Amino acid sequence: MSAELIAQSALAAFDKVVSAAGDFRSRPGQRLMAERVAQTFSEASLGKMENDSDVPLRAIAVIQAGTGVGKSLAYCAPAIAVALARKTRVLISTATVALQEQLVTKDLPALAALMDEPFRFGLAKGRGRYVCKLKLARLAGEGGADDDDLFADELAAAGAPFVRHDEEARMLQYLSLARELASSAWDGDRDNLAQQPDADIWQPIAAEASSCTGKHCPAFNGCTYFEKRKELVGAQVIVANHDLLLSTLGTRTLPELDNCLLILDEGHHLPAVALDKFSTSMDLSRLGWIDTLASRAKRIGSLMAVSEVADVGRYASQLKQSLDEVAKIVAELYAPALRDQPANAYGPPRVRLPKGDLPLPLVEPLGMVSVMAESFLAVLNEIAKALRAEMKDAPNEARRLSVLYAQLGMLSPRLESVHATAQLLLQESAPPRAPVAKWFTLAEHEGRVQIRAYASPILPGSTLRNQLWAGVRAAVVTSATLTSCGEFDFFLRETGLKHDDATTTLEVASPFDYASQGQFVTVQTLADPRNASAFTSEMVLALVRDLADVEHGALCLFTSRDQMRQAVLALSAALKPLVLVQGDLPRIRLMQQHRERVQAGEVSIIFGMQSFGEGLDLPGLLCETVFIAKLPFASPDDPVGESRAEWLRGVGRDPFSELVVPATAVKLAQWAGRAIRTETDKSFVYCYDKRLSDTSYGQRLLQGLPPFARKRKDAQGRVLA
């Protein structure tokens, strides 16, 4: 069948679903999107080319679909129809668990009941979301003792200190989890537990790849993770997330990207996820794990007769010595600057290296760190290979050998992180190539000083172009907010698609009549929003005055905890009982209480931070007003953003206009998008930042918003001309 016929057939399948289902409402914009999806997926070349000299045809559609378009149906129906016709699979990646669950529990089952040709679908999550039964059994006291504690030193994982539990409490939790698992009251998926365990409880029993022996494990046949993987084998549609997609590139965890139809929903999150996935860090202070890993490697390597293990002691000793040297040099160079920084909301004090230039004294010890970590990892790889070979030859020894494998695997990721961080810190760049962001932090916990080193790419687009798009043949990227200030340019740059000839863009307008359904009100304060103290005081007074007019449900979004705290303190005795504050209750419970109040005819107002500005679906009376305290500019203390701005200035470009304003426009559009969720909603959006109306970039930000009716008021609530 030709590409044109496949596209026509897919669009016909979409039309049939729309006409057959009362729940699905056809909209011109939705069909326009479905048409572009069908065309994109039908024309791309998939799989191995007949001739090695043939150049595959790539097709990538970037589609902004406004709120109410019904984009899930617009991409699912035609994509699945094309996949069935071309005998391939659809991989849908989302940014949030909420959308994953909606697709798997609601949208796809409804679609499967309506489409002529049956299809199967499944949910893909990372290993770390599932329990390792072997580890759980051992920690619950069912696996036998071992002269080397399998989980020694695991509580000192990189990052913030975990909540510590005494051994008796830990044992009781593991026994409880083991009983639930054995009785089938729990399926081994962390997300399905009634109460989420703390990180230090879950980490030692998570099914991580580094400690998993796969089919050689004695618990393989009942393994939750692999049982879930089996469900995906025959699925034509797999729903994953951006984090899993990027972390498994180059593996066979998900369908091969050159032979499937890729859909990236909530695509505006992709650049941030990419920066997070490809950044690295290492602890320069707490190094006891290296001795533990070396001891395990020597013992297990000797048991497996791996000759290379003779050098492990030297590698470990030199690695520790070099890391100590790096820590001392960092302390000598930066301790005064780090200690003089006041505590703030953005984490421990830090020092960023200007232009990513590594001080000369750090080059040699970091070079040694890289070499020793690489050599150490090579030995671990040989031991792991020997263990897997022995498991294959002696299956009756699988349980003992799996425990040995896990003993190495629990700590080897830390060694990999040390190696990756050292290499990225050592990476040099000459203009016009963008540098690597590099910084150090110093923190004190329980009287102990902790120094950490960090490195990160600063251009997500470059990383995505090389790591993701180079392997993709057919993709649709969609979201309600992909344009910034009315243009796709910023998103295309951030995702590495700006100069990709295979990429097309489409903007599908929302079916909502924003001009008649909503109003955007800019409140003019006397204080300059850049003067945080004076502005917050004035803004809070105006906000509290406007809150008194709320008749049903409302959402207040703040850009800092201090703003929110001052607003709470300023509430009158009458208003205070009506306000639900983020953090006072679990998010699910807070939203439930808000809905119950509004449905009972009461007033309910949510106070939230930036995470509440996206993903909340509060139609009708649940959100008749959105209050935005201040324009949501990015954190002023982001080292990656600082490094990027510094580089842009260095090459003669304006980071505020090119980076800050477009990023803020996307976030502001998301926040304002909480207001109108259905064709019948009536809502107001208040913003207390006069820069929207008083600056040229404010006018750019307004261009990126839905076409609300607009009004200006002064700080006393009087309408301005």
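The numbered points below take up the cavities and then the salt bridges.

1. The model is predicted, and the remarks here should be read accordingly. The structure holds two cavities of 30 Å³ or more.

2. The largest cavity is lined by 21 residues, of which Cys 132, Cys 212, Thr 213, Cys 217 and Cys 223 are the closest to its centre. By class, its lining comprises 13 nonpolar, four polar and four charged residues. Helices H5 (133-139), H8 (224-233) and H14 (398-409) each contribute at least two lining residues. H5 gives the most, with three residues.

3. The second largest cavity is lined by Leu 123, Ala 124, Lys 125, Tyr 130, Tyr 225, Lys 228, Arg 229, Leu 232, Leu 244 and Thr 253. Six of these residues are nonpolar, one is polar and three are charged. Helix H8 supplies the largest share of this lining, four residues.

4. The count of salt bridges comes to 32. Lys 125, which lines the second largest cavity, forms one of them with Asp 189, the closest N and O atoms being 2.6 Å apart. Lys 125 lies in the loop between strand S3 (121-123) and H5, and Asp 189 in the loop between helix H6 (167-182) and helix H7 (199-202), so the pair ties together parts that are 64 residues apart in sequence. Both partners fall below the 20% cut-off for buried residues: Lys 125 has a relative accessibility of 14%, and Asp 189 has 4%. A network of salt bridges links Lys 125, Arg 129, Asp 189 and Asp 191.

5. Lys 228, also a lining residue of the second largest cavity, forms a salt bridge with Asp 187, with the closest N and O atoms 3.9 Å apart. The pair links distant parts of the chain, Lys 228 being in helix H8 and Asp 187 in the loop between H6 and H7, 41 residues apart. Lys 228 is partly exposed at 24% relative accessibility, and Asp 187 is partly exposed at 32%.

6. Where do the partners of the salt bridge between Asp 200 and Arg 170 lie? The N to O distance of this bridge is 3.4 Å. Asp 200 belongs to helix H7 and Arg 170 to helix H6, so the pair ties together parts that are 30 residues apart in sequence. Asp 200 is buried, with a relative accessible area of 1%, and Arg 170 counts as buried at 7%.

Definitions and conventions
Residues are numbered from 1 along each chain as its sequence is written. This is a predicted model: local features need pLDDT of at least 70, side-chain atom pairs count only at pLDDT 80 or more; totals for chains, interfaces and linings use all residues. Side-chain values use heavy atoms; hydrogens and water are left out. On a 1 Å grid over the protein atoms alone, a cavity is a set of points where a 1.4 Å probe fits but cannot get out, and a pocket is an open set with protein on both sides within 12 Å along at least five of seven lines; lining residues have an atom within 4 Å of a point. Grid points are joined across faces, edges and corners, and a volume is the space filled by probe spheres set on the points. Ala, Val, Leu, Ile, Met, Phe, Trp, Tyr, Cys and Pro count as nonpolar, Asp, Glu, Lys and Arg as charged, and the others, Gly among them, as polar. A salt bridge is a side-chain nitrogen of Lys or Arg within 4 Å of a carboxyl oxygen of Asp or Glu. Buried means under 20% relative accessible area, exposed over 50%, partly exposed in between (1.4 Å probe, protein chains only).
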